[in-house]
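This briefing sets out computed features of one protein chain, grouped by topic. Please view the sequence and the structure together before reading on.

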Amino acid sequence: MPKNHDIKQRSWLPIWKHKDAKIGCLGFISILLGAVVLAMALFRSGPLPTGAWILVGVCAATFAWVVKAQSQSEKRIADYQKRRNERASSILEQVLIGKNPSWPYFVYLRPFNIDGKFIEAPRQKAVDAFVEEYGLPTTYHDLESALALLVYPHSQLVALSNNPGKAGAGYVRSTDLSWKEEVRALCEHAEGIFVVPFNFEGTAWEVEMIIESSWLQKTFFVMPAHSSIHRLPGFRRLSLDYRDKWEKGRARYGVLKLPEYDEQGAVVLVGDRVRVFKGFGRKRFSIAEKKRTESDLNALRTILTELSAANKSY
């Protein structure tokens, strides 16, 4: 199974310790110090001491360096995303002609119009190699990045999209004419499938396809957590209560026996029996909740790893 990094050499690393986060903090401190000194200059009756102007200069130079470093960071992350997209396109080309793909992967199926709105996801520690590839957007713990982190040790995350982003998956552009054929081919060869089972016509077709193809054993239904977060730009509050969407989907796909909506979020495996991995969402505060969340995530990781290990055709 080809991978471009050795998982045994990775260390667990809180994201805030990553070099990009440190650079961002340094930039903030530089702006703050410079602003304080300039404010002193404006409200001071006499001239500002030479040392203070030197400090302003140092802060300005530091901030300029931070801007350059952040630009380089964004370029690095964009380059990684380009590679993921190219890899996903290669996977699709291979499966469409019936070949075993060169990379193991999981498919992420969701309605296009809800991309980027799933802010809450597990507060997982990310290995340094993952953060290096995916960058600081992972600090938002968006749902797609969380899924990418879950399968990162052994697989890619692949998604179709008409507007590729940089959240976590390798994206393949698709059209209204081709997406069904492409989804079917990707799901057939995938190690596993993640689905957001909302009440959309496209999603209904995908669920029906999964059932008819006997792929429920490798399909995980994702319940996005409720959130009240405000997100830039414009300080616009997103509608992040998915109870109604989940319950309508639950009613439509009654054969799946999905559980009632839980605002904390979850991942559900129906297979032979319904298994609910709770805590796939909002931050936990009590020790008991944190232990339960980590226990569920570990169990989920084990299942995903087993699915990956079962496919040895790479």
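Serine 214 lies in the loop between helix H6 (201–212) and strand S7 (219–223), where helices (H or I, at least four residues) and strands (E, at least two) are DSSP runs numbered from the N terminus. The model is a predicted one, in which local features need pLDDT of at least 70 and side-chain atom pairs count only at pLDDT 80 or more, while totals for chains, interfaces and linings use all residues. Residues are numbered from 1 along each chain as its sequence is written, and side-chain values use heavy atoms, with hydrogens and water left out.

**Whole chain and confidence**

- The protein chain contains eight helices and eleven strands.
- Of its 314 residues, 46% count as buried; buried means under 20% relative accessible area, exposed over 50%, and partly exposed in between (1.4 Å probe, protein chains only).
- The accessible surface of the chain is about 16,400 Å², and 57% of this belongs to carbon and sulfur atoms; accessible areas come from the Shrake-Rupley method with a 1.4 Å probe, and for residues only the protein chains shown count as cover.
- Among contacts (heavy atoms within 4.5 Å) with a separation of 6 or more, 68% join residues 24 or more positions apart.
- Mean pLDDT, the predictor's confidence in each residue from 0 to 100, is 78 for the chain, and 73% of the residues reach 70 or more.
- Over residues 1–16 the pLDDT is below 50, and this stretch has 38 contacts in the model beyond near neighbours in sequence.
- Residues 230–238 also have pLDDT under 50, with eleven contacts beyond four places in sequence.
- Where pLDDT is low, the predicted coordinates should not be read in detail.

**Helix H6 and the residue after it**

- The twelve residues of H6 should span 16 Å at 1.5 Å a residue, and the end C-alpha atoms are 17 Å apart, which agrees; the expected span is 1.5 Å times one less than the number of residues.
- Thr203, Ala204, Trp205, Glu206, Val207, Met209 and Ile210 are buried in H6.
- The buried residues of H6 pack against strand S2 (105–109), helix H5 (179–189), strand S6 (192–195), S7 and H7.
- Just after H6, serine 214 takes a positive phi of about 60°, although serine 214 is not a glycine.
- Serine 214 is exposed, with a relative accessible area of 62%.

**Strand S6 and its partners**

- Two strands pair if DSSP finds at least two bridges between them; S2 and S6 run parallel and are joined by four bridges.
- Leucine 109 has valine 195 in S6 as its bridge partner.
- S6 and S7 also run parallel, joined by three bridges, and valine 195 stands opposite phenylalanine 221 in S7.
- From S6, Gly192 and Phe194 point one way and Ile193 and Val195 the other way, and all are buried.
- In a regular strand the side chains alternate between the two faces of the sheet.

**Nonpolar core**

- A nonpolar core is a set of buried Ala, Val, Leu, Ile, Met, Phe, Trp, Tyr and Cys residues joined through side-chain atoms within 4.5 Å.
- The largest such core has 67 residues, of which Leu157, Leu186, Phe194, Phe220 and Phe280 touch the most other members.
- Helix H4 (residues 143–151) gives the most to this core, with seven residues.

**Two further residues**

- Lysine 257, in the loop between helix H7 (243–252) and strand S10 (266–269), has a positive phi near 55° and counts as exposed at 61% relative accessibility.
- Glutamine 94 belongs to helix H2 (residues 50–96) and counts as buried at 13% relative accessibility.
- Leaving aside neighbours within four places in sequence, glutamine 94 is in contact with Lys99, Asn100, Pro101 and Ser102.
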